[in-house]
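Please look over the model below before reading on. The numbered points follow it.

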Amino acid sequence: MSDAAALDSTRRYFLGQCTGLSVGAIALSQMAERTSANDNVSTGSGIGGLASLPHMAPKAKRVIFLTQSGGPSQLELFDQKPDLIKWAGVELPDSVRQGQRFTTMTANQKQLIMPTRVRFTRCGSSGATIGEWLPHLQRVADDLCFIKSMHSDQINHAPAMTKFLTGHHLPGRPSMGAWVSYGLGSENQDLPDYLVMISRMQRPSDQPLYDHYWGSGFLPSSYQGVKLRNSKDPVLYLRDPDGLPKHLRRGMLDGLSQLNQQRSAETGDPEITTRIQQYEMAYRMQTSVPELTDLSDEPEEVFELYGPDSRRPGSYAANCILARRLAERGVRFIQLFHPDWDHHSRLTSWCTARCRDTDQPSAALITDLKRRGMLDETLVIWGGEFGRGVAGQGQWDSPEAGRDHHPRCFTMWMAGGGIKSGISYGTTDDFSFNTAENPVHVHDLHATVLHLLGIDHERFTYRAQGLDFRLTGVEPSHVVQDVLT
Amino acid sequence: MRARAFYSATLIIVFAVAADLRAEDAAFFGREVLPILSENCFSCHGPDESNRKAELRLDLRDGALQAITEGEPDSSELIARVVSDDSETLMPPPSSHKPRLKPAQVETLRTWIKSGAAWGKHWAYEKPQRSAEPVTIDKQLQTDCPAHFPFRSPIDQFVWARLRKESLTPAPQAARHTLLRRVSFDLTGLPPTIEELNAFDGSDSSYEAAVDRLLASTHFGERMAMWWLDAARYADTDGFQSDANRENWPWRDWVVEAFNSNMKFDQFTLEQFAGDLIPNATAEQKLATAFHRNHMTNGEGGRDPEESRVDYVLDRVNTTGSVWLGLTLGCTQCHSHKFDPITQADYYGLTAFFNSIDEDGKAGKGAKPYLTYESKHVERAIQEAQQLVDSRQGPEVAARTAAAGPFEEWLAARKQDVQQGYNAWTPLLGALESSEGTLLTQSEDAIIQADGPNPNQDDYRLIAPVKLSRVTGLRLEVMPHDSHTRSAFSRGRSGEFILTDVKVQVRKTGSSQIRDILVKSVVADFIPTGNGGYGDVKGLLDDDPRNGWTTKGAPEIGPHYAVFALAEPLVLASDEELTIELRQRSTLGDANLGRFRISATDQRGPAVTEIGPAPLEQLSQSSVIDEKLRARLFEQFLTDHEAYQICKRALDRAVAQLNEAKAAKKTEVMVLAEKPEPRDTHILVRGVWDKHGDKVLRGGLTSIAPLATENPTRADLARWLTSSENPLTARVLVNHLWQLCFGTGLVKTTEDFGLQGEQPSHPELIDWLAVECIESGWDVKHVLKLIVMSSTYRQSSKVEELLLARDPENRLLARGARFRLPAWMLRDNALRASELFHPAIGGPLVRPYQPTGVWEENFMGRFTYEPSEGSSQYRRTLYAFWRRSIAPTFLFDSAQRRSCEVRTSRTNTPLQALTLLNDENYLEASRALAALVLGKPQPMQEMSLRVLSRELREAELTVLTRERDRALDYYRNHPDDAVTFLARGQFEPDPSLPTPELAAHTIVASLLFNLDEAITHE
């Protein structure tokens, strides 16, 4: 007898024998020991997920990916180049440029070097260099691992972000979170494996956040990121309509379940059993999600830690608190998006605006996870799709100037599960234009993240369109061993 | 979180060996040997030379003979390597992570070599042949076949021949209602009506009549179009950057019409590839070419348009590959195919057909070439929109007239109120904060003065209780002072101020949370020009420190003010305080306000949207009320007269919809047109858009189907695709049609007929159908009719445990297909069952219900979604606006419409349950269905007939009655909840219907719509 059939007969037994037990309770008990007719699914600690995973002992149980959309400037934030002052206003040497194509926004202007005006501090015992616009991050520097030699090969936002998240610059591949959801499933039965939150901003962003950024690509759509919205319906269609009391919904679901079970017996289709379970899961989400998003049980000191913006629902800061709550609940992949890092002009007002939004909450998240003993098992990633160029965009010596996109090097930081803390890895040349030592391609980052979750990126494939796809693509990529504990 | 929707076989069924192939047959090689070589060897020893190892290639006979000795498996290196115990010599190497060959696979290789290692082609690269009908070979087949499975066409013979070999029995014919329901969904995407059910007696002739009726229905074209639109990656927006809207929807109507008129598939192909090149092409033939413009376009600032243009060209080839050829051509963009005999030169030879389109890579409104097209379907949309406007104009006028009386009363009362003078603005007194240390003090007249430190940038906050019954707007006055530089506005170097943003928030005492209050508009009494980003007062609302308000440039130093209108009147609880934050974060800073005052008002309308005195202020200052002031006061009154506002908003929405319909009269559709001077086409090295390799000419797939025409055009490409010499297109097409009816194709990997694709479950059947398709002149309706008329199709989908274990995916077809219907059919089903359905064909886009805020969230407010009103709301899902970056939320498991998709996944998740339970589309249909049956003799039975196409059994009725009575009991005791539950959407039930009954039946209707049976193709 197949598993599904076994479940079926168990349930029939229960329905026959155990009167008084609600259908919901039975479905719940099934859920707890859920296995599926799909032999891909493991019965290990994760729910869902592949039986063949993990390939090795994971160092991180989950990921919080603080995605900074638009391309934060490494030159203002992390990658200090004090000697650039000597080059101020000088044209970028061809020997450095090495034929790099610029966007059409600056391709027709001279590439005159603009040193940063930001003061840097060597922070903590590690001496990491962090610019003055990130005062809170400076205080947790010893918990972080900076990768200063990140590089990509896409110079425009949508292709670069698509590559950064899915490994390929054209839409159609699964996002990293979808891969992880597919591979590892979840530790939580009441919430999706992969949740996405977008900061609520007032400024219409020039870089919209397309839903393929958290899409499942060619994987079944059940692996796509679920957007947690700042709204009365934190998950779409979560709320029952007004005027429908809970007990009537329960009754309706019991009736639905009963009729579906009759149908299941008649047709023999195991998919119906699954559907009954999904309705029960939906019912439980109606409780679990509002509990999750209601921050009223957080003590005052938490809001003080994450900063004043954390009191504003939908802000990046409030989403950082939610990220910690999701991590506490065992959600596998948590991804925040903060838009509008695209400072083509006026760095001191534009870039600082995004720093203000994110600095304190990002640092607070590290502090908060650490004091709760969760940082060791949670991998936190901070970064955007590319960095900014060393030349000024516009008049380099004017306060109006900004910086254009730059994929050849940028800085990210990681912290937590399996990552060495208090180190900086990789370097860039004197212009923060090319990577110098230990370049890390976005695919290497993907390989490293999967490795920390116990997955060998070369063996983690999915067959679509006749090919075995993997997150890291076909070109060789490597796990960055030097940043691992 | 979820159960996996796909069930993998516990028992591996080898599909390919349908006929008893002998090892020396070429077909044995194609079906048995080649898949093993392809899967395990070709990634290093296949067509792609860039990755080839040891200079060994096993995809060609000559190459393979290096590792094979014909007739002698034991002396063949190939065998030695795959069975080796030495990890150094074992193939595939352990480093490839490919598992060791299974003993059965090794045995197949041995058998093949032993019998002489006959070489052949991959099955799909051989021209399809009509094999003899199985009964002509084996008469016994007919005799053995159960009576309930008559051979209605060779389809049934092929299926039965296979089943008999597996010792399986076909299922009996499905129940009458199930069969009609199944075929109605498959051919029209809609359930049968009660009349259609009644007219169908289950007999053969009655069934054929039903099939003919469905194929002739105009809804047939709509159903087929939904399939085609997915494959064509059709959407109504660009997909990238600002995701600008397109006007390509007339192409969608062309598709509907083409299917309805049963345009032959070769013509259908020709017009979409090259309608513009047909001599004396009609507008519709040019319109057809929009197929190849349905790709995403990227107008991102800073992007090289040529890079985008190249992307589009490649997308067209990849789409052609997936849809017509069932090939994953995209792989050959960077290198020759790893598995299939397709070179990079082949690939770029195909791109050459699309490389000379008169386009320049731009997006948005610059995505030429366009066809200016006037759709014949717009007139209907305009008429309907006009009717809606007309129906709402009367009530608006009446409400306005009816407001006259209350206005007089209001005016009399206001006259009393303002006798002692009236000021619309109440200054706010409260606590003050400065982020950076400015000393702020407030005097009794509420004026705030800055003193002490003068930081470069600062945020000021005023936290004030509000005595007003509500707040509709705020006023900020900025004042010069002698303590400021030049006695102007600030203590900064210039004396000017720059305010970058204003935030309004509410905080409740003791709560950790704050609430953002949305400000809708702002006006100021002075707006300078020429201060870079700083000047326009609107900059205060956008959270962008690069713009904001200053009065620098005013002719003289004097007080100024700005007025902010809140989006909604704000009512504060007694324990709530208002926070107004003034952000001063300009690029250079040093321009913090020195002196200012903030006031609030409870007046709506002109008081908060205009500069100058509010109407009531004018009233207080006037001894007589002239006509102008009277009119102004009336408008002021109406802003708060909800009875009028309801009618007014409804009318405004209808007018907006009418304007939209009128604007759709003339559309600019993106189409194909050839550049006068063709572009040269090059191989792109590693697929990179600006790395030109060798020049290539237009051509086909040299190893699979060469294209022999001299100087071929896109029209030749189309003819090549549908030539009877092309081994792929007909097979791929009939497989698509099979998939529409069975949920899965005969080749499961619809998108890949190549070596890595799955083998067909019934090889002779797919080939027979392919030949039949070609010989019928590519007649789509003919092939579909053949399929749905078959006994195979008509089988019951019920399954016993044994068969389920044996064939969980139903690849052997010993039963009917049971699978969840696509989400778009579920919505259409709900509309039809509830009779909300508006059956019009074609026309401008409509917007079904979608939760508010969905578009706004991803775009930070750039786009808003207003659901259609009137009958437009109830159009088929085919006509729904499809924003590519945020797919319609009421759909699930749908194609993404970003790149071509010919096979969508079917998952089973709690999010789908929530959608069907709580989405307004389904709730409204539930209300309408309940209203439709209430008062009828057997309301529950009628609902069931409409939703499930059958009557309920006693046990089912008992469950539904229990839930209805539970609800009825509740709503009779809580009538207000019943009203609330029903008061959504735009459907207005007959007011004579009792509300508790209606609410209770609505719940039952919703339950029915959620039943597995209701959402399943049975």
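1. Leu350(B) sits in helix α17 of chain B, which covers residues 344-351. The model is a predicted one. Leu350(B) has 29 C-beta neighbours inside 10 Å and therefore counts as buried, the cut-off being 20 or more. Between Leu350(B) and Ala413(B), 63 residues apart along the chain, the C-alpha separation is 79 Å.

2. Helix α16 of chain B runs over residues 305-325. Its 21 residues should span 30 Å at 1.5 Å a residue, and the 29 Å between its end C-alpha atoms agrees with this. Since 16 of the 21 residues are buried, α16(B) is largely enclosed by the rest of the structure.

3. Chain B is assigned five domains: domain 1 (26-121), domain 2 (127-216 + 727-818), domain 3 (264-374 + 679-723), domain 4 (438-597 + 604-610) and domain 5 (917-1017). Taken over C-alpha atoms, the centres of domain 1 of chain B and domain 4 of chain B are 77 Å apart.

4. The largest nonpolar core holds 314 residues. Those touching the most other members include Val63(A), Cys145(A) and Met414(A), as well as Val734(B), Ile787(B) and Leu1008(B). Helix α12 of chain A (residues 347-371) gives this core its largest share, 10 residues. Another core, of 59 residues, lies apart from it, with Val389(B), Ala399(B), Val471(B) and Ala607(B) among them.

5. Which residues does Cys145(A) touch, not counting those up to four places away in sequence? Among them are Trp413(A), Met414(A), Ala415(A), Ile419(A), Tyr425(A) and Val483(A), along with Lys420(A) and Ser421(A).

Methods:
Residues are numbered from 1 along each chain as its sequence is written. Chains are lettered from A and ligands numbered from 1 in the order in which they are written. This is a predicted model: local features need pLDDT of at least 70, side-chain atom pairs count only at pLDDT 80 or more; totals for chains, interfaces and linings use all residues. Helices (H or I, at least four residues) and strands (E, at least two) are DSSP runs, numbered from the N terminus. The expected span of a helix is 1.5 Å times one less than its number of residues. A residue is buried if 20 or more other C-beta atoms lie within 10 Å of its own, exposed if 12 or fewer, and partly exposed in between; C-beta atoms are placed from the backbone. Domain bounds come from an automatic or database domain assignment. A nonpolar core is a set of buried Ala, Val, Leu, Ile, Met, Phe, Trp, Tyr and Cys residues joined through C-beta atoms within 7 Å. Two residues are in contact if their C-beta atoms, placed from the backbone, lie within 7 Å.
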